Amino acid sequence: MSDVEARSRRSEMRGSEKKVRVTIPRSDLEAQNTFEVDRTDPMLLLDLLLAIQRRHDPSLAFRYSCRVAMCNMCGVHVDGGNVLACRVPLEAGRDEIRVEPMQGATVVRDLIVETDQFVDEWVQDVDRWSQ
Amino acid sequence: MSIDGLRTIDTDVAIIGSGGAGLMCVLHLADHAPELDATVVSKGAIGRSGCTRMVQGGYNAVLDPNDSLELHFRDTLEGGKYLNDQEMAWTLVTEAPRAIEELESRVGCSFDRTEDGRIHQKAFGGQNFDRTVHKGDLTGMEIMGKLLEQMQRIQPNELGDARALDLLLDEDGEIAGVTVLDVMTGEVAVLRARVVVVATGGAATMYKIAAPAREKTGDGVAMCYHAGLELRDMEMLQFHPTGLLAGESSLTGAVLEEGLRGAGARMYNAMGERFMKRYDPERMERSTRDVVSRASYQEIMAGRGTPAGGVWIDISHLGAEEVERRFPGMTARSRIMGRDLAREPIEISPTSHYHMGGVVIDKHCQTSVPGLLVAGEDSGGVHGANRLGGNGVAESTIFGGRAGDRAAALASERKLRDPDLEQVEVSVARAIAPLQRENGHSPFGITRELKEVMWEGCGVVRAKKGLLRARDKIEELEKKAADVAVSGPAQANYAWQEALDVTNQLTVARAMVESALVREESRGSHFRSDCPEQDDKRWLRFIVAKKQTDGRVRIDLRPVKFSRRRPDPADPSAEEQERKEPSEELRRG
């Protein structure tokens with residue numbers, strides 16, 4: 001192993017509890033898609049995204065509103081499931097995560113998806129129910 | 001009609017905001033004038049932005065025969081330290097019982113009930129009767145969920161993820177419409193309307209520790225201020241005493257509802273002392289929000305706070321099952337951050353929560369601009385110097401409904417007007433400038449600095465020195481904001497939105513600091529350590545802020561009209577106040 005590789009490995013091991021490597025597929029293929037984010041305690045997935053937007057890449061697009069799991073706007077896809085970013089804490093010791101846009105919907109940009117189809121289905125339900 | 005190729009949309013009534021006020025407006029408009037075309041404009045997703053949804057506690061209304069309108073009115077005035085507009089406060093109190101009935105039988109809400117089937121009303125701070133209607137600790141979700149379904153049934157035009165930029169007047173100074181920016185596409189359009197209703201909510205987000213949802217950046221108040229409308233009570237910003245402290249997490253500032261204190265929660269400093277006994281020995285933790293916030297703040301400043309800068313709240317003595325049953329939402333939230341409200345004390349801090357101040361309106365939501373209505377947190381006067389818990393969602397829904405009633409009547413009398421072209425050009429240029437600038441300041445840095453200076457200089461406890469520092473800093477930040485640059489596409493660009501948000505927050509902050517400098521006394525949520533006493537002889541007047549043509553804030557003082565109740569019937573100084581000159585003008589920067 002070269003000196004550079006050895007040094008990289010050492011610094012990786014030293015910092016692994018303090019940083020999380022976050023991978024996010026971007027609409028712009030030229031945009032940064034991997035980030036080394038400092039952990040805070042507590043840290044929700046939403047906090048990871050905010051840290052990236054504020055300190056790494058302001059062009060990262062994602063939605064949120066209330067941040068207390070009341071508005072259902074911050075949906076993302078993580079570990080095989082759609083979750084609310086404001087409801088899921090980053091587990092202790094986890095140093096790597098891939099965050100994708102919610103599955104089953106058309107991507108607008110980065111992590112933002114079209115929600116019209118969900119709303120339309122709901123409106124149809126309301127109509128059907130109130131006939 | 002097209003302006004430089006800008007898309008123009010025509011509607012009868014434009015409703016800016018889709019919270020409790022905006023959606024009740026849609027409902028009432030549809031009831032009274034279903035033939036009118038309504039368009040809802042919402043910066044975030046329609047019905048899923050803002051704070052009505054986040055209301056935990058409840059909705060105050062006189063329902064019990066042992067309660068009385070006069071008592072609710074008195075509680076509201078005493079909470080507001082008699083700065084309230086009494087006609088508006090009386091409107092709130094008298095309409096609330098009908099509004100609860102409307103929410104249940106017309107909108108479809110169902111509130112918690114007692115065993116004998118009556119609506120359950122719980123205890124809330126600062127009131128002499130338990131009159132807070134609720135659904136568990138998630139009252140706002142019930143109200144917004146059902147309001148949104150009603151709105152879907154009515155099917156107004158929806159401009160979701162679209163932010164209103166500026167109010168547009170025609171050459172006669174009458175309302176013509178608004179410029180609107182589609183957040184997802186990055187395009188600007190002109191929305192013309194016969195009547196415009198502004199209901200976007202306040203700007204409490206401009207503090208380091210803040211409760212509201214991210215959309216609440218004072219857009220409505222800022223656009224009204226820039227259109228020349230008068231604002232009142234801008235110095236009155238409510239801090240909720242029990243906000244979560246969660247380090248740098250976005251959870252910091254989220255509110256633990258007042259019902260906790262109503263149910264017997266105890267507050268402790270880092271020494272394990274129930275410190276409220278030194279601030280309000282009679283009411284203890286059930287005192288009003290301003291008193292409890294100030295108490296916590298003073299404990300923290302005196303060095304008796306936790307290392308993270310907070311105090312403790314503990315309701316575990318009720319038993320874990322009882323806490324889980326009564327406060328499910330909050331218990332779940334505490335567990336997400338690795339704590340447990342049901343079993344241990346939780347670290348809290350005062351958190352910036354609600355703005356009592358706002359646009360001057362009459363009890364029909366009318367402003368000085370014909371055809372322009374304002375409802376909800378964007379308006380000022382109902383709550384005076386401090387809002388009672390449970391009166392906020394009442395105000396939004398009641399006055400939102402009244403705005404709908406008035407808009408229905410006005411729209412048929414008003415025509416569509418052509419907005420002044422120069423205003424349109426200025427609005428569009430200002431909005432797209434950050435995208436076009438190659439180099440400039442980052443909007444996130446400006447927001448961070450504003451939040452810090454407001455917390456330090458115009459926070460729970462204020463003083464002249466800190467306010468002057470805040471004034472200077474705001475001026476510096478306004479210059480930076482005029483030179484902000486964001487990269488990236490126009491589509492779904494939240495750095496760009498942040499730049500537009502912080503511009504509005506700065507406008508509100510400026511009016512707030514100027515008003516706080518003028519009020520040289522302490523009253524309600526405005527507390528000055530350099531003038532800690534309430535001075536009814538000199539200060540039973542409300543502060544009006546208005547934009548001057550040179551861009552500075554003009555301040556007027558107006559006496560409070562005690563049209564229904566005097567602060568102290570036996571106090572002669574109250575009469576003396578009324579006999580003074582009608583208004584006093586002071587020029588301020």
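Residues are numbered from 1 along each chain as its sequence is written, while chains are lettered from A and ligands numbered from 1 in the order in which they are written. Because the model is predicted, local features need pLDDT of at least 70 and side-chain atom pairs count only at pLDDT 80 or more, whereas totals for chains, interfaces and linings use all residues.

The predictor assigns the complex an ipTM of 0.91 and a pTM of 0.92. Where pLDDT is low, the predicted coordinates should not be read in detail.

Turning to the meeting of the two chains, 32 residues of chain A are in contact with 35 residues of chain B; contact here requires C-beta atoms, placed from the backbone, to lie within 7 Å. On the chain A side, helix 2 (45-55), strand 6 (107-109) and helix 3 (116-129) each supply at least two residues. Helices (H or I, at least four residues) and strands (E, at least two) are DSSP runs, numbered from the N terminus. Helix 2 of chain A gives the most to this side, with 5 residues.

Helix 2 of chain A also has buried residues, among them A:Leu45, A:Asp47 and A:Ile52. A residue is buried if 20 or more other C-beta atoms, placed from the backbone, lie within 10 Å of its own, exposed if 12 or fewer, and partly exposed in between. The cover over these buried residues includes strand 1 (19-23), strand 2 (34-38) and strand 3 (75-78) of chain A.

The loop between helix 2 and strand 3 of chain A holds A:Cys66. This cysteine counts as buried because it has 26 C-beta neighbours inside 10 Å. Leaving aside residues up to four places away in sequence, A:Cys66 touches A:Cys71, B:Arg53, B:Met54 and B:Ala213.

In chain B, helix 3 (residues 86-107) has a kink of about 45° at B:Ala96, shortly before the proline B:Pro97. The bend at a residue is the angle between axes fitted to the seven residues ending there and the seven starting there. B:Ala96 is itself buried, as is B:Trp90. Just after this helix, B:Gly108 takes a positive phi of about 100°.
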